[in-house]
Amino acid sequence: MKLVSYSQNGSGPMVGRLEGDSIVSLGEGDVMDFIKSGGEGSGGETVALSDVKLLAPILKPEKFIGIGLNYEDHAAETGADIPEKPIVFAKYPNTIAGPDDAVVIPPITEKADYEAELAVVIGREARNVSKDEALDYVFGYMNCNDISARDLQFSEGGQWTRSKSIDTFAPIGPFIATTDEIEDPQNLSVKLTLNGEVVQDGTTGKMIFPVAELVEFLSAGMTLVPGDIISTGTPPGVGAARTPQLFLKPGDSMTVEIEGLGSLTNPVE
């Protein structure tokens, strides 16, 4: 299934199954509510996609976990060493934006950067799971754009959380594809287009720590719960590593496209 959260005529969030240009309603709440209910919800009315506002599939996850430097070629372009263990940082629910929502750059940063990433959505409680079983705990996958304030990221003592947790700095969506839709999460193309130009073009096969290993690593001592999001790192091509550097500015438009997960477009203000 492809699941969306949406609003119609200003209503509260609804969850639905995407079928072509239509949505089959599955009840109130966002996709996280649907996951927590055990995927319960019979098909209701059908609405045209053009008649609704798509929201971020998950609006307020308990945890939004980011992984840094998880592609060898991205680590190389930044001059960083290949990490021996996953680099983990937090993003918070205030960062979440939905399809077509604006990413708003505040005055505290002059170096906002894009990062196309595969996001993993946890489907059931996971603690101390092995990598061989880890994918059984995944509900699905979606696009994520891990916007990063590079000037803050590298000027505040090596901690990344503030630079990654600015309001609107985590667009996600437009839908969550359940695991049956994605045959192999380590064989997906990842692209980001900025103002019509492809600036990132990679594959999840280049991850240093694949999805199963990340779930194993994170669940060791940290209980993952339904609706938690893990954003798994970005391929090369980020603005900070270009010559000259390329940072986001008002009027820009970004589109993340991961194979099987549709496209996620957000303007910059």
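1. Buried means under 20% relative accessible area, exposed over 50%, and partly exposed in between, with a 1.4 Å probe and protein chains only. Asn9 is exposed, at a relative accessible area of 76%. Its place is the loop between β1 (2–7) and β2 (14–19). Phi of Asn9 is positive, near 55°, and the residue is not a glycine.

2. On the source: this is a predicted model, where local features need pLDDT of at least 70, side-chain atom pairs count only at pLDDT 80 or more, and totals for chains, interfaces and linings use all residues. Residues are numbered from 1 along each chain as its sequence is written, and side-chain values use heavy atoms, with hydrogens and water left out.

3. Overall make-up. The protein has 6 helices and 18 strands. These are DSSP runs numbered from the N terminus: helices are H or I of at least four residues, strands E of at least two. The radius of gyration is 18 Å, close to the 18 Å from the globule rule for 269 residues, so the protein is as compact as a globular protein of that length. That radius is taken over C-alpha atoms; the rule is 2.2 Å times the number of residues to the power 0.38. Of the 269 residues, 53% are buried.

4. Helix α6 (residues 211–219). Which of its residues are buried? They are Val211, Ala212, Leu214, Val215, Leu218 and Ser219. They cover an arc of only 160° around the axis, which puts them on the same side of α6. The arc is that of the directions from the helix axis to the C-beta atoms. The buried residues pack against β6 (64–68), β7 (87–91), β10 (116–122), α3 (131–134), β11 (138–145) and β16 (229–231). Gly221 follows α6 and has a positive phi, near 95°.

5. Ser231 lies in strand β16. At 1% relative accessibility, Ser231 counts as buried. Leaving out residues up to four places away in sequence, Ser231 touches Phe64, Ile65, Gly66, Ile67, Glu117, Leu118, Ala119 and Cys144. Contact means heavy atoms within 4.5 Å.

6. Backbone points to check. Most residues other than glycine have a negative phi, and most peptide bonds are trans. A cis peptide bond joins Gly173 and Pro174, with omega about 5°; Pro174 is in strand β13 (residues 170–178). The bond from Thr243 to Pro244 is cis, with omega near -5°. Pro244 sits in the loop between β16 and β17 (253–258).

7. Asn128 is in the loop between β10 and α3. Its phi is positive, near 55°. At 53% relative accessibility, Asn128 counts as exposed.
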